[in-house]
Amino acid sequence: MTATGADFAVRFANCGGKREIPARNQVPGTVIAAASRDAHTYPTVSNGFSGISTKNGELGTSGATVALAFFAKPPDQNRRTAMNECLEIITCSYGPDLERARRLCESVDQFIDPTIRHTLIVPAKDREDFLPLENRRRTVLVTQDVVPGDFRALPPGRQAWIYKWGLPIRGWIMQQITKLSANRATDAELLMFADSDLRFVRPLDVADVYRDGQLRLHRIEGAMNSGRHLKWHHRTRELLGLPSAEGNAGYLGSDYVGQLITWRRDHLEGLQRHIQSVHDEPWYKPVARSLHMSEYILYGSYIEHINGGAHDHFY
């Protein structure tokens with residue numbers, strides 16, 4: 001398949017049928033999506049992707065801080081390959097974020113090719129409110145059906161969960177457990193996480209995140225090595241069974257937190273098996289006991305420090 005100018009075709013297999021879909025190349029610095037909440041600043045561009053914080057009333061945020069996800073440079077035209085593995089967008093949400101999720105869904109339907117599926121995962125009590133967002137590409141699933149184990153949401157008004165042994169779990173941690181269970185929500189090999197407070201503002205070029213059989217791993221070397229990010233690195237060491245280290249020595253070398261994070265399904269399942277092996281119990285139990293953690297740092301550190309920098313990711 002040969003690309004001509006800025007337009008090219010990406011072939012999807014087993015994603016709603018096999019056919020060629022026109023896609024549009026992005027120019028350097030093009031904003032792809034914007035999040036409508038306060039976000040961390042990621043001033044450094046890693047190979048192809050970075051998020052930044054800025055002010056932009058044109059995005060409908062009334063001047064609020066937004067996180068912009070943009071691709072810093074288009075991929076080499078000669079490196080484009082046929083897309084032979086499904087990409088699916090995963091969004092973990094809940095009732096208070098319904099309107100944000102609605103705006104995200106509208107932007108997905110406007111800018112993302114319809115062969116890319118979109119799955120929303122919400123608590124059972126919120127399912128009926130989210131069902132109107134379903135369409136040919138989008139499915140609403142229930143958190144309790146996706147995550148393994150016996151997690152139960154506390155009464156409405158309390159954004160917390162409890163496991164059957166009586167351990168309370170913060171809603172923030174439960175959302176990360178849900179993302180780490182994404183392989184139970186879809187059979188797609190390539191997963192892209194889009195939070196409810198994000199909106200696409202122009203077409204997403206799949207070749208920016210997947211090419212030559214490799215999926216982008218968002219990674220910024222040396223970034224965000226203090227504060228709560230450093231706590232997340234320390235907890236990642238514990239979960240992965242890596243040697244403990246005091247203070248800044250516990251930092252694992254790179255930051256993996258950002259927008260439109262992409263994972264491989266087989267490596268996610270490998271991460272689950274590794275945590276289970278280290279702790280001799282189902283992977284979600286030690287994760288649920290965490291007070292501070294980042295699922296993105298956990299996955300990225302697994303790829304680089306346990307899985308040997310998997311050949312099917314690029315940075």
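Ile89 stands opposite Met192 of β12, in a predicted model where local features need pLDDT of at least 70, side-chain atom pairs count only at pLDDT 80 or more, and totals for chains, interfaces and linings use all residues. Residues are numbered from 1 along each chain as its sequence is written, and side-chain values use heavy atoms, with hydrogens and water left out. Strands (E, at least two residues) and helices (H or I, at least four) are DSSP runs numbered from the N terminus.

β6 and β12 pair in the parallel sense over four bridges; pairing requires that DSSP finds at least two bridges between two strands. β12 also pairs with β18, in the antiparallel sense and over four bridges, and there Thr262 is the bridge partner of Met192. In a regular strand the side chains alternate between the two faces of the sheet. Both faces of β12 are covered, with Leu190 and Met192 buried on one side and Leu191 and Phe193 buried on the other. Buried means under 20% relative accessible area, exposed over 50%, and partly exposed in between (1.4 Å probe, protein chains only).

## Nonpolar cores

The largest nonpolar core has 41 residues, and among those that touch the most other members are Phe151, Ile177, Trp263 and Val287. Such a core is a set of buried Ala, Val, Leu, Ile, Met, Phe, Trp, Tyr and Cys residues joined through side-chain atoms within 4.5 Å. Elements giving two or more residues to this core include β6 (87-92), β12 (190-193), β18 (261-264) and α4 (171-180). The most comes from α8, with six residues. A second, separate core of 18 residues includes Phe111, Ile112, Phe200 and Leu215.

Beyond its neighbours within four places in sequence, Val287 is in contact (heavy atoms within 4.5 Å) with Ile173, Ile177, Leu180, Leu239, Ile275 and Met293. Helix α4 is mostly covered, seven of its 10 residues being buried. Those buried residues include Ile173, Ile177 and Leu180, along with Gln176 and Lys179.

## Two loop positions

Ser93 lies in the loop between β6 and α1 (98-111). Ser93 counts as buried because its relative accessibility is 6%. Its side chain and that of Ser196 are joined by a polar contact of 2.7 Å. A polar contact is a pair of N or O atoms within 3.5 Å; within protein, one must be able to donate a hydrogen and the other to accept it, and residues adjacent in sequence count only if both atoms are side-chain atoms.

Gly241 sits in the loop between α5 and β17 (254-255). With a relative accessible area of 47%, Gly241 is partly exposed.
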